[in-house]
Amino acid sequence: MKLSEELYKEIIIEYSQNPRHYGELEEANIHEEGVNRGCGDEIQLHLHLEDQEIKGIRFTGQGCSICVASTEMMTCYVEKRSLATVKELIHLFKTMLTSRQDIQMPKDYEELEALKGVKKFPIRVKCATLSWNILEQAIQKYEAIQK
Amino acid sequence: MLNYKEIKKDFPILQTNMNGKPLVYLDSAASSQKPQRVIDAFSDFYRCRNANIHRGAYRLSYEATDLFELTREKVKEFLNAKEPEEIIFTRNTTESINLVAYSYAMKFLKEGDEILVSEMEHHSNLVPWMMVAEKKGAKLKHIPLTDDYQLDYERIPEVLSERTKIISIAHMSNALGTIHDLKKISDYAKQVNAVFVVDGAQGASHLPVDVQEIGCDFYALSAHKMLGPTGVGVLYGRRELLEKMDPFLGGGSMIFSVWKDGFKPGPLPNKFEAGTPDVAGVVAFAVALEYLKQIGLENIHNHEVALLEYAIPKLKEIPGIKLYGTNDLSKRGGIISFLLEGVHPHDIGTILDEEGIAIRAGHHCCEPLMRKLQIPGTARASLYLYNGFEDIDALVEGIQKAVKIFKVEEKIRKAS
C-alpha cells in the first residue's frame with residue numbers, strides 16, 4: 001500500500017469531509033481551543049460536561065483532513081461517555097500515535113486505528129492529536145471548577 | 001534561453017531520490033539548493049583557510065580576512081552599492097531588518113510617527129516594526145492590495161503622510177510572487193523624507209538589484225536563498241544613515257576602543273559586525289554570487305517567467321484549483337500559490353511529498369495576508385534556475401493525484 005493510501009484511507013476522507021459534530025453547542029459549559037501554529041490547524045471544542053460525563057460535544061475551526069477526521073472521530077467516541085472512560089481513551093489514542101510499539105485499540109474503538117497511518121508521517125502526528133489534547137485540557141478545566 | 005538541464009547537474013541534491021522518486025525541488029523561496037562549487041568553497045575554507053578574521057598576526061588569518069572582505073566587495077558590486085563599507089554581514093534578512101529597527105528606528109522615531117508597510121509582508125518585515133511601534137508610540141500603516149494581488153499604488157497617498165518616517169516593503173512577495181515597483185515607492189518615500197527599507201529576501205535571488213537606481217536607504221537579503229549557505233545575511237545601508245545609527249550588538253570587533261567606563265564604536269562596517277561572523281559561510285557566499293552573476297539574474301527571472309507561462313494554463317485545467325497571484329507576469333516572480341477546493345494545503349503537501357515533490361504549505365509567515373485573503377494558507381511551489389518544464393509536469397500530475405484522493409470533482413458536482 002502506498003503511504004498516502006495508508007494515510008488517506010476512505011474512512012478518513014469520509015470523516016473529514018462530512019463532520020456531523022461541526023458547530024456550536026447551546027448547552028456548552030466548557031469551551032477550549034488549540035492551534036498548531038506551524039500548519040494553521042485551529043480547533044475549538046464546545047462541551048457540555050455534567051455529572052462526570054460528556055453530555056454533548058461539538059467543534060468549530062479548521063484544519064487539514066487528518067485534524068478534522070481525528071476531531072470528528074473523537075467527538076463520536078466521547079459523547080455520552082464518562083470522564084473516566086474518556087481520559088483512558090485519550091491516553092490510549094495518544095499512545096497509539098506516539099509509541100514505538102504497535103498499540104491496538106480495544107474493539108469498541110477499532111475505527112480509530114484508521115489514524116494509525118499518521119505514525120509514518122511524524123510531522124502530521126500533531127494534526128491527529130490536536131483535538132485530543134484540547135479535550136484533555138477541557139476536562140482538566142472542568143475538574144478544576146468542580147473542586 | 002537558460003540551459004537549466006546543465007545547471008541542474010551542478011546541484012548534487014537534485015540528482016538524489018526522495019521517497020523513491022527523483023527529487024523535484026519546488027521550495028526555493030524557503031531556501032535554495034547549493035551548487036557543488038559553493039559546497040566545495042565551504043569545506044575548502046575549513047580544510048585549508050580556517051582562521052579567525054581581523055585578529056591574527058599570522059598569514060592564515062590574513063588570508064581568511066582577505067577572502068571575507070573580498071565577499072564584501074562582491075556584494076557591493078552585486079547590489080551596486082557605492083562602497084564596501086555600506087555592506088554589513090548579518091545572519092539573515094530577518095536580522096538585517098531588526099538591525100534597522102533597533103539601531104535606526106529605536107533611535108530616531110518619535111511618538112506619533114508612522115511606519116508604512118504593505119498588506120503582503122513577511123512576518124520578518126512586520127514584527128520588528130510592530131516592536132518598534134509599540135516601544136516608541138509610533139503607528140503601523142499598510143498599503144492595500146488590488147484584486148489582482150498587486151500593491152494598490154493609487155491608494156498610497158491615503159496612507160502616506162508627513163508623519164511617515166519609514167517605508168519598508170518587500171522586493172518580491174514570498175507568498176504571491178508579486179514584484180513591487182520599488183522605484184515608485186522610493187519616489188513616495190522621498191516626497192515625505194521617509195527612510196526606505198527593502199526586504200530583498202526574495203528579490204535579490206531572482207532579480208537584478210541596483211540599490212542606487214532603486215533609491216533605497218536599506219536593502220536586506222539572505223545568502224541561503226541565493227545558492228549560498230545558511231546563516232549569512234546582508235544589510236546594505238546608505239553610509240550617511242549607518243554613520244548616524246547606534247551599534248546593534250555590542251562585543252568584540254565592533255569597537256574602536258574600550259575603557260573601564262565606556263567604549264567608542266569602530267568605523268563602518270565593523271560597528272555593526274560584533275563577534276566572530278560565519279567566515280566560511282561568507283567566503284562560500286562569494287562563490288554563489290559569482291555563479292549567479294555568470295548565469296545572469298535577468299536570465300534567471302526570464303526562465304522563471306517562462307516556467308510560469310507553461311505552468312499556469314496547465315494548472316488552471318485542474319478541477320477545483322484556485323491560483324493566487326497576479327495575472328500580469330511582468331510583475332511576478334516564480335511563485336505558484338494555490339488551493340484545491342476542500343483540500344487543506346498540508347494534505348496537498350503530503351501527497352506531493354510522496355511523489356518526491358517538495359513544496360511548502362501553510363501561511364508562509366504571512367498571516368495578515370492570509371487573513372486578508374480569508375484562507376488558512378496556500379500550497380506554494382516556488383521556482384528557481386534549476387527547475388525545468390518536467391518539474392511543472394510532475395507538479396501538475398501530483399496535484400491530480402490529490403484531486404483523485406480527495407474526490408474534488410465529486411464534491412464540485414455535488415455543490416453545483
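Me: Which residue with a positive phi follows α7(B)?
Reply: This model is predicted. Helix α7 of chain B spans residues 182-191. The residue that follows α7(B) has a positive phi, near 55 degrees, and is N193(B).

Me: Where around the axis of α7(B) do its buried residues lie?
Reply: The buried residues of this helix are L182(B), I185(B), S186(B), Y188(B) and A189(B). They cover an arc of only 160 degrees around the axis, so they lie on the same side of α7(B).

Me: What covers the buried residues of α7(B)?
Reply: Both helices and strands of chain B are included in the cover. Among the strands are β7 (164-170) and β8 (195-199). The helices include α6 (156-159) and α9 (211-214).

Me: Is D51(A) buried or exposed?
Reply: D51(A) is in the loop between β2 (41-50) and β3 (53-62) of chain A. Its phi is positive, near 50 degrees, although the residue is not glycine. With a relative accessible area of 60%, over the 50% cut-off, D51(A) is exposed.

Me: What is the omega of the cis peptide bond that joins L268(B) and P269(B)?
Reply: Most peptide bonds are trans. P269(B) is found in the loop between β12 (262-265) and α11 (279-295) of chain B. The bond joining L268(B) and P269(B) is cis, and omega is about -5 degrees.

Methods: Residues numbered from 1 in each chain as written. Chains lettered and ligands numbered in written order. Predicted model: local features only at pLDDT ≥ 70, side-chain atom pairs only at ≥ 80, totals over all residues. Heavy atoms only, no water. Buried < 20%, exposed > 50% of the residue type's maximum accessible area, 1.4 Å probe, protein only. Helix = DSSP H or I, 4+ residues; strand = E, 2+ residues; numbered from the N terminus. Arc of directions from axis to C-beta. Contact = heavy atoms within 4.5 Å.
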